[in-house]
Amino acid sequence: MDRLWTDFVNSDYHDWRGGERSEDRLGNVSWQQDFLDRWQLEAPVPASNEEESAMRSFRDDLQSLAIRLSNGKLFTEKDQAWLNDFMLAGEVIRRIITQDQGLGVALVPIHRHWAQVMAEVAADFAMTLVEGEGKRIRSCDNPDCRWIFYDDTRSRTQKYCDDKMCGNLMKVRRFRAKRKMHSNDEKNEV
């Protein structure tokens, strides 16, 4: 299940098959627009160089925090203060709206800029933690992938971002390594 914050963090793409190809999608104008459209956010496209730099720094720090949490480390007061600082930039007003089931309250952003987008990303990450789901944050076990994901399995044992891609690739790698080790053992016996 994609979440706002995982989609943002995973804008730093690395070839999961182990190739040299990687791509920082934050600077890609079409990625920026698709991201905003997918999550119903608004900001000027393209982002300025300063905004891109701020987003990269935020993304890298958020990725590091997610990896630390996925490794069982604790969420610290320093982490909390850092997230709060980003959420502070996301000023909103409350509006009553009509929904399918009746009335609801919506939080409407006061500003439409990339700092607001980062505030929404930080808030989504914070909601993951508040809802007690921080233990479901994972980093793909494929060392070439670096994908961060939210483990929505019942057993909370998902190791790979995608079982069909990274999971199968790692299974093949383990099989080949065993086979190679077995063939080397046979050569050494002769």
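Q: Let's start with one residue. Is Gln 40 buried or exposed?
A: Gln 40 counts as exposed, because its relative accessibility is 74%. Buried means under 20% relative accessible area, exposed means over 50%, and partly exposed is in between, using a 1.4 Å probe and protein chains only.

Q: Before I get carried away, what should I know about where these values come from?
A: This is a predicted model, so local features need pLDDT of at least 70 and side-chain atom pairs count only at pLDDT 80 or more, while totals for chains, interfaces and linings use all residues. Residues are numbered from 1 along each chain as its sequence is written, and side-chain values use heavy atoms, with hydrogens and water left out.

Q: Good. Back to Gln 40, where is it found?
A: Gln 40 sits in the loop between α2 and α3. Helices (H or I, at least four residues) and strands (E, at least two) are DSSP runs, numbered from the N terminus. Gln 40 also has a positive phi of about 55°, although it is not a glycine.

Q: Where does Pro 46 lie?
A: Pro 46 is in the loop between α2 and α3. The peptide bond from Val 45 to Pro 46 is cis, with omega near 5°. As a general point, most residues other than glycine have a negative phi, and most peptide bonds are trans.

Q: What does Gln 32 touch?
A: Leaving out residues up to four places away in sequence, Gln 32 touches Leu 26, Gly 27, Val 45, Pro 46, Ala 47, Glu 52 and Trp 114. Contact here means heavy atoms within 4.5 Å. Gln 32 lies in helix α2, and it is buried because its relative accessible area is 0%. A polar atom of its side chain lies 2.7 Å from the backbone oxygen of Leu 26.

Q: New topic: how many salt bridges?
A: The count comes to eight, where a salt bridge is a side-chain nitrogen of Lys or Arg within 4 Å of a carboxyl oxygen of Asp or Glu. One of them joins Asp 124 and Arg 3, whose closest N and O atoms are 3.5 Å apart. That pair links distant parts of the chain: Asp 124 is in helix α5 (residues 114-130) and Arg 3 in the segment before α1 (4-9), 121 residues apart. Asp 124 and Arg 3 are buried.

Q: And what does Arg 56 form a salt bridge with?
A: Its partner is Asp 24, with the closest N and O atoms 2.4 Å apart. Arg 56 is in helix α3 (residues 49-70) and Asp 24 in strand β2 (residues 22-24), 32 residues apart. Arg 56 is partly exposed, with a relative accessible area of 26%, and Asp 24 is partly exposed at 29%.

Q: How about Arg 112? What does it form a salt bridge with?
A: With Glu 42, the closest N and O atoms being 3.0 Å apart. Arg 112 is in the loop between β4 (102-109) and α5, while Glu 42 is in the loop between α2 (29-38) and α3, 70 residues apart. Arg 112 counts as partly exposed because its relative accessibility is 42%.

Q: Now the rings. How many aromatic pairs are there?
A: Seven, where rings of Phe, Tyr and Trp (its six-membered ring) pair if their centres lie within 6.5 Å, with planes under 30 degrees apart counting as stacked, over 60 as edge-to-face and the rest as tilted. Trp 82 and Phe 86 form an edge-to-face pair, 5.2 Å centre to centre with 65° between the planes. They are separated by about one helical turn because they are four residues apart in helix α4 (residues 77-88).

Q: Which residues form one aromatic cluster?
A: Phe 8, Trp 31, Phe 35, Phe 58, Trp 82 and Phe 86.

Q: Last one: how many bridges join β3 to β4?
A: Eight bridges join strand β3 (residues 92-99) to β4, and the two run antiparallel. Strands pair if DSSP finds at least two bridges between them. A hairpin of two residues joins β3 to β4, and Thr 98 stands opposite Leu 103 in β4. Overall, the protein chain has six helices and six strands, and 35% of its 190 residues count as buried.

Notes: Polar contact = N/O pair within 3.5 Å; in protein donor to acceptor, adjacent residues only side chain to side chain.
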